[in-house]
Amino acid sequence: MRIAIIDDSETFRAFLFSLLVGCGDMEVHASAEDFLADLDAGTAPPDLVLMDLIMPGMSGLAAIKRLKANPALADVPVIVVTVSDAAADLAEAFAAGAMDYIKKPPCRPELLARVDSALRLKRAIDERKARERELKAEKEYIAAILEYSHDGIAVAGRSGRFTFVSPGMERIFGLPADTYSTSDRWLDIIFPNEAARDDLTDIFVSRPAPGHVWRRLYPFVDKNGQARICQIHFSTMPSGDLILNIQDMTLFEKQKEDLVKKHTRHQKDLDAAAEIQQSLLPRRFTMSDSLRFAWEFLPCDNIGGDIFNVFPLGPNHVGLYMLDVSGHGVASSLVAHSVYNFMHYQRSTLIDRSDGHIDVVPPEVVLERLNDEFPFTKFQKFFTIFFMTIDLRTGYARYGNAGHPAPQHITAAGVVTPLPMRGTIIGLTGLGPVPPGELTLAPGDKILSLSDGLADSRNAAGEYFGEERIDAVLANQATAPVGELLAALRQAAWEFCQAAPPRDDVSMLGVEFVRPKG
């Protein structure tokens with residue numbers, strides 16, 4: 001703390017200085033004019049002034065009046081140090097703003113006590129002023145928030161009269177602040193909907209318990225008679241006053257409504273695409289006495305890129321394939337549909353008639369043509385595919401596998417063996433050709449192709465169905481007819497997943513060689 005000593009006597013200034021050593025930082029002035037001149041020049045004001053009353057030039061009394069007339073200096077306490085004990089002089093000094101006086105020469109204990117009291121008073125004043133400035137800044141900050149916030153905030157007392165209404169209320173409802181004198185008047189003007197008005201009236205009466213918040217949407221009418229929607233958060237202060245935080249939700253609700261409509265249209269498109277995709281699956285019939293086939297398809301919630309088929313290739317051969325396009329959605333479904341068209345309507349891809357007779361194109365050649373036709377750079381999709389041709393006269397089968405899970409060869413005796421030959425996925429060029437595979441089916445042999453969606457199916461606990469469970473079902477049902485084998489796989493997956501929808505399409509295709517074609 002800083003103490004200023006103003007006295008025309010150099011001896012007395014030194015005497016006071018010696019008495020106050022240790023009380024703070026001290027400055028001395030020989031006249032009131034010097035002291036005030038320093039303050040006018042920008043010197044920081046002291047925390048306490050010890051002022052002589054009787055001095056040549058400007059008197060101490062005049063200096064006190066000048067000091068107190070300045071709002072920036074009015075809080076500086078002044079102790080008069082004087083030889084006069086005239087009541088009139090002291091009364092005039094107190095009237096001018098002095099807080100205390102000491103008669104010359106002072107005794108040290110009395111002087112220290114009065115100085116300490118004055119400094120404590122000044123410290124308290126400074127702390128109060130600082131807190132007042134903080135409160136003013138906080139108030140201005142809150143006022144600015146309320147002024148520029150698009151939300152409306154109102155406080156209603158227990159009587160229903162509004163004790164506070166923010167400018168946001170006028171922006172939302174378009175009516176001046178005096179509209180919101182009481183809750184009844186506000187409800188009658190703003191909420192013509194009887195159900196909304198009754199509900200709001202009940203809330204004003206019952207009020208949520210302190211610490212609880214209710215939130216509801218209400219239709220209202222603005223000053224132009226336009227129907228709008230607001231959301232009101234209700235909370236109760238410990239005093240019982242009801243706080244309303246109001247947001248105009250008209251645009252949000254309109255956007256939400258439009259989004260729901262768009263989503264509905266989009267979902268209809270997806271449902272239609274899924275129906276088209278499933279319509280391309282093979283019909284459940286036996287195309288030859290030499291071959292039986294069966295399939296199971298469990299679609300996921302999102303339309304995917306799985307598709308498979310079994311079809312004749314001339315009078316003596318059958319072709320079958322299963323493909324899985326990366327990702328989900330319309331794009332994957334369109335690529336799958338394009339591959340379906342490629343495999344069925346460009347039969348020159350699958351059958352060679354160049355020599356005047358029908359020759360089946362080897363599967364690895366077909367897959368190479370697919371790779372040329374469906375590059376990743378063109379569709380931003382890749383896919384796996386297993387393609388096999390079977391000569392119904394001999395059971396001789398050729399196949400190509402481009403990255404698809406290895407199909408299983410199941411003998412009539414129940415021996416299960418995965419087909420070994422496997423190449424890279426379709427769409428990524430430069431990774432080498434698909435190696436050819438071949439085998440001869442004996443009567444009762446089966447070929448089973450599964451998509452990875454079966455092994456990747458998960459139950460509610462997050463566990464995968466996995467290859468082990470597939471192998472267990474195959475081992476148990478290996479000698480069963482192909483239809484019963486696929487039905488057992490489907491049932492095992494259904495029980496494991498506890499009826500949870502699959503995260504990916506689950507496709508299962510099986511063929512059983514019955515006898516050579518006569």
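Student: Why is Asp 100 called buried?

Tutor: Its relative accessible area is 15%, and buried means under 20%, exposed over 50% and partly exposed in between, with a 1.4 Å probe and protein chains only. Since 15% falls under the cut-off, Asp 100 counts as buried. Before we go on, residues are numbered from 1 along each chain as its sequence is written, and side-chain values use heavy atoms, with hydrogens and water left out. This is also a predicted model, in which local features need pLDDT of at least 70, side-chain atom pairs count only at pLDDT 80 or more, and totals for chains, interfaces and linings use all residues.

Student: What makes the pair Asp 100 and Arg 114 a salt bridge?

Tutor: A salt bridge is a side-chain nitrogen of Lys or Arg within 4 Å of a carboxyl oxygen of Asp or Glu. Here the closest N and O atoms are 2.6 Å apart, so the pair meets the criterion. The two residues sit in distant parts of the chain: Asp 100 in strand β5 (residues 100–103) and Arg 114 in helix α5 (residues 108–148), 14 residues apart. Helices (H or I, at least four residues) and strands (E, at least two) are DSSP runs, numbered from the N terminus. Arg 114, at a relative accessible area of 27%, is partly exposed.

Student: How do you know that Glu 138 and Arg 131 still qualify as a salt bridge?

Tutor: Their N to O distance is 3.9 Å, so they are inside the cut-off. Glu 138 has 42% relative accessibility and is partly exposed; Arg 131, at 39%, is partly exposed too.

Student: What do the side chains of Glu 296 and Arg 490 form, and which elements hold them?

Tutor: They meet in a salt bridge, at 2.8 Å from N to O. Glu 296 lies in strand β11 (residues 291–298) and Arg 490 in helix α15 (residues 482–497), so the pair ties together parts that are 194 residues apart in sequence. Glu 296 is buried at 12% relative accessibility, whereas Arg 490 is partly exposed at 32%. There is also a network: salt bridges with shared partners join Asp 7, Asp 52 and Lys 104. The structure holds 21 salt bridges.

Student: Why does Asp 52 count as buried, and what does it contact?

Tutor: At 4% relative accessibility, Asp 52 is under the cut-off, so it counts as buried. Asp 52 is found in strand β3 (residues 48–52). Leaving aside neighbours within four places in sequence, Asp 52 is in contact (heavy atoms within 4.5 Å) with residues including Asp 7, Asp 8, Thr 82 and Lys 104. UniProt lists Asp 52 for "modified residue: 4-aspartylphosphate", in an unreviewed entry. UniProt positions are given in the numbering used here, feature names are shortened, and annotations may be inferred rather than shown by experiment.

Student: What does UniProt place at residues 2–119?

Tutor: The annotation there is "domain: Response regulatory", from an unreviewed entry. Over residues 2–119 the chain is 43% helix and 20% strand, with end C-alpha atoms 9 Å apart.
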